[in-house]
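I opened my notebook to look up a few local features. Here is what I wrote down.

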Amino acid sequence: MKSEPTVFLFFPFLLRLKLESTNLPILIHYTMRTSIRQYSSRPVEDDLLNELLAQAEQTQTMGNLQLYSVVVTRSDEMKQKLAPAHFNQPMVTGAPVVLTFCADYHRTTAWAQHRKGHPGYDNFLSYQNAATDALLFCQRFCDLAEAAGLGLCFLGTTVYQPAAIIRLLQLPQLVMPVATITLGWPAEHPNPSDRLPLSAIRHDETYQPVTAETIDRDYAAKEALPENLEFVRINQTETLAQIFTDIRYTAKDCQTLSTGLLEALRMQGFLD
Ligand SMILES: Cc1cc2nc3c(=O)[nH]c(=O)nc-3n(C[C@H](O)[C@H](O)[C@H](O)COP(=O)(O)O)c2cc1C
């Protein structure tokens, strides 16, 4: 168990060193990364988890206030209870650790109240700031965990049924779950998934028009991938896009889940 913290402890140093000389080692790391959904029975030691979380705290944060918190779930009982809120995705009960990252203005507000401050963070702007903080912290944690050899998967279902998570984790006012990470030592080694070419996402000086030509230019390779052609065949759609719009993320579902998200934000006091 000793080797992971050691590798990890040196990671920030290595990162700096490599960036000063050449970007290649960093690029290799990132182009090879994948989500991991199957985990070995090897435990994730609490010392390592604390080390990673503590290092991730150094990420940028609004006003240096650290408007986030993380709930660590290790018990089988809590994982079983959380699973339905994540549509019973098997990673929730299959991972040694489940982390729920929260936008958190509760602690900062309490601090201010105890120190004769006048906090006014029961509004959507404050949620946006805290959510940004929480997601930056979460992403930094993910980078560090993956660099230490751990595998993880981001669960977007956190914002689909937030009320259930809020209740289970007993999140107080001004705390909102924004991301869940299942974490463990990898028991699978999937191939990296494709990404769009840079031309799809980069705009110089002003946003450039998205046209039939740029769509062909940027999506042709993705649409021609054998796995995506197979995906279309299995789903019996005409195009790859239709799988997303008509099956996976439908307008009706998005509307329903969006309503639930707004209700949860109101319940937590961010829309007063
Ligand atoms: C906002 C967001 C929500 C996601 N939700 C889920 C999820 O609920 N279940 C899952 O298995 N993966 C989820 N993922 C992981 C993506 O499916 C994955 O990152 C994407 O397919 C690219 O694959 P890669 O991470 O292996 O490169 C999510 C990722 C993000 C950023």
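This is a predicted model: local features need pLDDT of at least 70, side-chain atom pairs count only at pLDDT 80 or more; totals for chains, interfaces and linings use all residues.

**Entry: two loop residues**

I looked up Asn64. Asn64 has 6 C-beta neighbours inside 10 Å, so it counts as exposed. It sits in the loop between helix H3 (46–56) and strand E1 (68–73).

Next I turned to Lys116. Where is Lys116 found? I located Lys116 in the loop between helix H6 (106–114) and helix H7 (124–147). Lys116 is not a glycine, yet its phi is positive, about 65°. Lys116 counts as exposed because it has 6 C-beta neighbours inside 10 Å.

**Entry: H3 against H7**

I noted that two packed helices are described by the angle between their axes and the distance between the axes. I found that the axes of H3 and H7 come within 8 Å and cross at roughly 130°. H3 and H7 are therefore oblique to each other. Their crossing is right-handed.

Which residues make the contact? From H3 I listed Leu52, Leu53, Gln55 and Ala56. From H7 I listed Phe137, Arg140, Phe141, Leu144 and Ala145. I sorted the residues of this contact into seven nonpolar, one polar and one charged.

**Entry: around the ligand**

Last, I checked the ligand. The residues around it are Thr34, Ser35, Arg37, Gln89, Cys153, Phe154, Leu155, Gly156, Thr157 and Ser193. I sorted this shell into three nonpolar, six polar and one charged.

Notes. Residues are numbered from 1 along each chain as its sequence is written. A residue is near a molecule or strand if its C-beta atom, placed from the backbone, lies within 6 Å of it. Ala, Val, Leu, Ile, Met, Phe, Trp, Tyr, Cys and Pro count as nonpolar, Asp, Glu, Lys and Arg as charged, and the others, Gly among them, as polar. Helices (H or I, at least four residues) and strands (E, at least two) are DSSP runs, numbered from the N terminus. A residue is buried if 20 or more other C-beta atoms lie within 10 Å of its own, exposed if 12 or fewer, and partly exposed in between; C-beta atoms are placed from the backbone. Axes are lines fitted to C-alpha atoms, for helices over the stretch in contact, and angles run from 0 to 180 degrees between N-to-C directions. Angles under 35 degrees count as roughly parallel, over 145 as roughly antiparallel, 65 to 115 as roughly perpendicular and the rest as oblique. A crossing is left-handed if the near helix is turned anticlockwise from the far one by less than a right angle, and right-handed if clockwise. Two residues are in contact if their C-beta atoms, placed from the backbone, lie within 7 Å.
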